[in-house]
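Morning, everyone. I have one structure to walk through today, so please bring it up on your screens.

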Amino acid sequence: MSNFSNQDQLKAIAEIITGYTRTPFALDSIPGAFMENVLASVRNAVSLNTYDFIDVYDEANKIGWQVKSTKDSTPVTWKRAKIANAESLIRDSKESKEGLQKLGNAIIDFCNHHAKESIDLYGLKEIHYSRLVLFEERKVLYFERRLCTKENPIIFTPSDFTWEWSTPKVTIKKEQLPALHGRHIKTDTKWFAWHGLGENQLHFSGEKHWWPKPDNKSFIEFNFPSAEERLTQKEFIALLRSLSK
């Protein structure tokens, strides 16, 4: 039995999200907390609402999901990566390539360790990635992929990346702090940006390399309702009244 959502479950996820976006109070984005509850409902799981690596937990099958929902143009915030000994690592990273790699390795190890913590805490067999991507012109993509397993709890391999500090950007209002960029060697593209001189956010742009290929069946594409298809406030209230009778 596959631990990915089957076609009926994928359709159910799409139907719930589509139904929500027909309501007059829906925004042009889907909040992550809402997406977590949708997945939990469809998969008979629990939305945890914690700071653990997994957001949704299926106790019966020992599966956890990391859930993300953003527009395609918005960077995915993997998490706030507060690295131990960050000050000394940052200082050394500005003095040598070895120091740069050591800091980058610490960031990757931090990500892997956080996932391993959830595997141990919840007794998980697998951790999956649940992702909703919102495009222009009402197009939506939802997909799932396996991140790691109890036997192999490694999501990212440190040696797959090289690191460098970005050039600070100067805007009209203020000077932006440099970020540490992690470049994925195999794809020769930037995958990570760690804002360790500020709020420790770790942005994950390499996630786009995880988007499904044509032979991947664990995804569904659909459209949000058009403006004409959305309920007005009056229609929505009338619908609620009819359901309460």
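First, the ground rules. This is a predicted model, where local features need pLDDT of at least 70, side-chain atom pairs count only at pLDDT 80 or more, and totals for chains, interfaces and linings use all residues. Residues are numbered from 1 along each chain as its sequence is written, and side-chain values use heavy atoms, with hydrogens and water left out.

Overall picture. The protein has 5 helices and 11 strands. Those are DSSP runs, numbered from the N terminus: helices are H or I with at least four residues, strands are E with at least two. The C-alpha trace spans about 70 × 50 × 35 Å along its principal axes. Of the 245 residues, 44% are buried, meaning under 20% relative accessible area with a 1.4 Å probe, protein chains only. Now contacts, that is, heavy atoms within 4.5 Å. Among those between residues at least 6 apart in sequence, 61% join residues at least 24 apart.

Next, the helix pair. H1 covers residues 7-21 and H2 covers residues 32-42; they pack at about 140°, with axes 10 Å apart. That makes H1 oblique to H2. Axes are lines fitted to C-alpha atoms, for helices over the stretch in contact, and angles run from 0 to 180 degrees between N-to-C directions.

Who meets whom? From H1: Gln9, Ala12, Ile13, Ile16, Ile17 and Tyr20; from H2: Phe34, Met35, Val38, Leu39 and Val42. That contact has 10 nonpolar residues, 1 polar and no charged. Nonpolar here is Ala, Val, Leu, Ile, Met, Phe, Trp, Tyr, Cys and Pro; charged is Asp, Glu, Lys and Arg; the others, Gly among them, are polar.

On to the sheet. It is open, 5 strands, ordered S4-S10-S9-S8-S7, with antiparallel pairing. Pairing takes at least two DSSP bridges between two strands. The edges are S4 (77-80) and S7 (161-165). Neighbouring strands are turned by 20° on average, direction ignored. Helix H4, residues 97-122, packs on this sheet and touches S4, S7, S8, S9 and S10. The direction of H4 makes about 120° with that of S7.

Look at S4 and S10: 3 bridges join them. Threonine 77 stands opposite histidine 203 in S10.

Buried or exposed? Asparagine 112 is buried, at 7% relative accessible area. Leaving out residues up to four places away in sequence, asparagine 112 touches Pro153, Ile154, Ile155 and Phe156.

Key:
Parallel < 35°, antiparallel > 145°, perpendicular 65-115°, else oblique. Buried < 20%, exposed > 50% of the residue type's maximum accessible area, 1.4 Å probe, protein only.
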